[in-house]
Amino acid sequence: MRKKNGHKKTIFWLILLVLVFLVVVYFRGALGPRQQNEQQATALAEKYAHITKKTDYYEYQRENSSYHTVVGQNKQGEKLYAVVSNNNRKINVLSADKGISAKQAQDAVVSKRKPKKVLNVALGMDKKGKKPLWEVTYLNQKGNLCYTLLSFKDGVVTKEIQNL
């Protein structure tokens, strides 16, 4: 009788171990592209924007373009944003003191739209790749997905998409 219980416990732990392993492999695969994008963008930010201390990272995807933004400081302690295009061919380096912060962008949307939940705040570029924008993604009070794009320079709302 003891051998059967011991055998069942061994099978139970083996199955549990296999399930944990599969979950880890799944999540590692799902997060892999983001980690790879972050590593590539960070390397480019260090090389071309001279960021020495990374403090944050954003992914921005709109229509047919995406950007990877590395936030950090240079040797002089100046806070910078390095906005890297998806193909890594163009890098826009922005001084943080030339625009609004992620917190200011989020606070502007929260005070105007009163969302149920803010899902994401990310810095990217407009369609033409010329003007930096903050994208605030949130759920409104009805639970519908919404986007607000704000100018990095002055926080002016440039586009809103409601109730997706």
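## Around Thr 69

Apart from its neighbours within four places in sequence, Thr 69 is in contact (heavy atoms within 4.5 Å) with Asp 56, Tyr 57, Tyr 58, Tyr 81, Ala 82, Val 83 and Leu 123. Please keep in mind that this is a predicted model, in which local features need pLDDT of at least 70 and side-chain atom pairs count only at pLDDT 80 or more, while totals for chains, interfaces and linings use all residues. Residues are numbered from 1 along each chain as its sequence is written, and side-chain values use heavy atoms, with hydrogens and water left out.

Thr 69 belongs to strand β2; helices (H or I, at least four residues) and strands (E, at least two) are DSSP runs, numbered from the N terminus. With a relative accessible area of 0%, Thr 69 is buried (under 20%; exposed is over 50% and partly exposed in between, with a 1.4 Å probe and protein chains only). The side chain of Thr 69 also reaches the backbone oxygen of Leu 123, at 2.7 Å.

Let us step back to His 68, which lies in strand β2, residues 65-73. His 68 counts as buried because its relative accessibility is 4%. Its side chain is joined to that of Asn 86 by a polar contact of 3.0 Å (N or O atoms within 3.5 Å, one able to donate a hydrogen and the other to accept it; residues adjacent in sequence count only if both atoms are side-chain atoms).

Leaving aside neighbours within four places in sequence, the contacts of His 68 include Asn 37, Ala 41 and Glu 59.

## Aromatic rings around Trp 134

Now for the rings. Rings of Phe, Tyr and Trp (its six-membered ring) pair if their centres lie within 6.5 Å; planes under 30 degrees apart are stacked, over 60 edge-to-face, and the rest tilted. By this rule there are four aromatic pairs. One of them is edge-to-face and brings together Tyr 58 and Trp 134, with 5.5 Å between the centres and 90 degrees between the planes. This pair links distant parts of the chain, since Tyr 58 sits in strand β1 (residues 53-62) and Trp 134 in strand β6 (residues 132-139), 76 residues apart. Both Tyr 58 and Trp 134 are buried.

Tyr 81 and Trp 134 form another edge-to-face pair, at 5.7 Å centre to centre and 85 degrees between the planes. Here, too, distant parts of the chain are linked: Tyr 81 is in strand β3 (residues 79-85) and Trp 134 in strand β6, 53 residues apart. Tyr 81 counts as buried because its relative accessibility is 2%, and Trp 134 because its value is 0%. Ring pairs draw Tyr 58, Tyr 81, Trp 134 and Phe 152 into a cluster.

## A charge over a ring

Arg 62 lies over the face of Tyr 147, 5.0 Å from the ring centre. A charge sits over a ring if NZ of Lys or CZ of Arg is within 6 Å of the ring centre and within 35 degrees of the ring normal.

## The chain as a whole

Finally, the wider view. The protein chain has two helices and eight strands, and along the sequence they follow the pattern α-β-β-β-β-α-β-β-β-β. Of the 164 residues in the protein chain, 36% are buried. Among contacts between residues at least 6 apart in sequence, 36% join residues at least 24 apart.
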